[in-house]
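Work through the exercises below with the sequence and the structure side by side. Try each task before reading its solution.

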Amino acid sequence: MLRWLPENISTYGQGVDNLFHAIYYITLIVLILVMATLIVFLIKYRHQEGKRATYIEGSTTLEIVWTAATTVIVFVLAMFSYPQWNKIKSPNSFPEKPDVVVQVSGKQFNWDMTYPGPDNEFETDDDLTLENELHVPINAVVHIRLTSIDVIHSFFVPQLRLKQDALPNRFINVWFEATKAGRYEIPCAELCGFGHSGMLGYLNVHAQADYDAWVQERWPQQAEGGQ
Ligand SMILES: [Cu+2]
């Protein structure tokens, strides 16, 4: 089994890993078959005194077989991938009523994390923007409104099995639910300029009580009279 994938802390991560494993093992089997055939042919058809090469024109049957087999494999993988893709990337299939909504904006070379504040509206006075630090509660549905201020970046949290390009002048929605508290890296996964390799944010997944305390510290008015 594959052991070198990063730890999975996402509710939909297992589905992604299953696909990854399936593709990996199919590829491995094909690799072994091709290499074994290559080695057998190298030995069988090596130069031997008195043995002459024959002229062949290929085999239509074989061509059809491996084209059809490949098509079937790709089609089956697509069938299994589609619902998984939908679940993660299609806003219509997102869990309704997110617990937290955050706007993440890529910019050379940082991630801006903007919280809408108690009014739940962006571009108002109680918005809070943090550089490179994303805070979310554990076991909560988090919607990310992803965009970019300059060039194309890519929001990537390996432990969440979530990766999405961030485009300027466009908002792309993604979501996740983290199942383990901790601090996880958010590298930029799209070569975006000279400082790309240093573009690194952090996802902080807190226990609910710790998250509530964090929110109260930022927006004390919420506790007094807020919503
Ligand atoms: Cu970048």
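**Exercise 1. Classify R183 by accessibility, then find its salt-bridge partner and say what the pair ties together.**

Solution. This is a predicted model.
- Step 1: R183 has a relative accessibility of 47%. Exposed requires over 50% and buried under 20%, so R183 counts as partly exposed.
- Step 2: The partner is E133, with N to O at 2.9 Å.
- Step 3: E133 stands at 23% relative accessibility, so E133 also counts as partly exposed.
- Step 4: R183 belongs to strand β9 (residues 182-187) and E133 to strand β4 (residues 133-137). The pair therefore ties together parts that are 50 residues apart in sequence.

**Exercise 2. How many salt bridges does the whole structure hold, and which residues form a network?**

Solution. 
- Step 1: A search of the whole structure gives six salt bridges.
- Step 2: Take E217 and R218, whose side chains meet at 3.2 Å, N to O. E217 is exposed at 61% relative accessible area. R218 is partly exposed at 33%.
- Step 3: Look for shared partners. K107, D112 and E131 are joined into one network in this way.
- Step 4: Within that network, D112 bridges to K107 with the closest N and O atoms 3.1 Å apart. D112 has 10% relative accessibility and counts as buried.

**Exercise 3. Which residues donate to the copper ion, and how is the geometry of the site classed?**

Solution. 
- Step 1: List the protein donors: H153 (ND1), C188 (SG), C192 (SG) and M199 (SD). They lie 2.1 to 2.7 Å from the copper ion.
- Step 2: Read the spacing in sequence, which is H-x34-C-x3-C-x6-M.
- Step 3: H153 is in strand β6 (residues 153-157), and C192 is in the loop between β9 and β10 (200-206). The pair is 39 residues apart and links distant parts of the chain. Both H153 and C192 are buried.
- Step 4: Check the angles. The four donor atoms give 87 to 137°. A tetrahedral call needs all angles between 85 and 135 degrees. The site is classed as irregular.

**Exercise 4. What span should helix α1 have, and what do its buried residues pack against?**

Solution. 
- Step 1: Helix α1 covers residues 13-44, 32 residues in total.
- Step 2: At 1.5 Å a residue, the helix should span 46 Å. The end C-alpha atoms are 46 Å apart, which agrees.
- Step 3: The buried residues of α1 are G13, D17, L19 and H21. They pack against α2 (60-89).

**Exercise 5. Where is S105, and is this residue buried or exposed?**

Solution. 
- Step 1: S105 sits in strand β1 (residues 100-107).
- Step 2: S105 has 4% relative accessibility and counts as buried.
- Step 3: Leaving aside neighbours within four places in sequence, S105 is in contact with N110, W111, D112, T147 and I149.

**Exercise 6. Where do the backbone exceptions at K97, N139 and F109 lie?**

Solution. 
- Step 1: Recall the rule. Most residues other than glycine have a negative phi, and most peptide bonds are trans.
- Step 2: K97 has a positive phi of about 50°. K97 lies in the loop between α2 and β1 and is exposed at 74%.
- Step 3: N139 has a positive phi near 50°. N139 lies in the loop between β4 and β5 and is partly exposed at 48%. Its contacts beyond four places in sequence are E177, A178 and T179.
- Step 4: Q108 and F109 are joined by a cis peptide bond, with omega about 0°. F109 lies in the loop between β1 and β2 (110-115).

Definitions and conventions:
Residues are numbered from 1 along each chain as its sequence is written. This is a predicted model: local features need pLDDT of at least 70, side-chain atom pairs count only at pLDDT 80 or more; totals for chains, interfaces and linings use all residues. Side-chain values use heavy atoms; hydrogens and water are left out. A salt bridge is a side-chain nitrogen of Lys or Arg within 4 Å of a carboxyl oxygen of Asp or Glu. Buried means under 20% relative accessible area, exposed over 50%, partly exposed in between (1.4 Å probe, protein chains only). Helices (H or I, at least four residues) and strands (E, at least two) are DSSP runs, numbered from the N terminus. Donors are N, O and S atoms within 2.8 Å of the metal (3.2 Å for Na, K and Ca); water is not among the atoms, so sites may look incomplete. Four donors count as tetrahedral if all angles lie between 85 and 135 degrees; four count as square planar and six as octahedral if opposite donors are over 155 degrees apart and all others between 65 and 115; anything else is irregular. The expected span of a helix is 1.5 Å times one less than its number of residues. Contact means heavy atoms within 4.5 Å.
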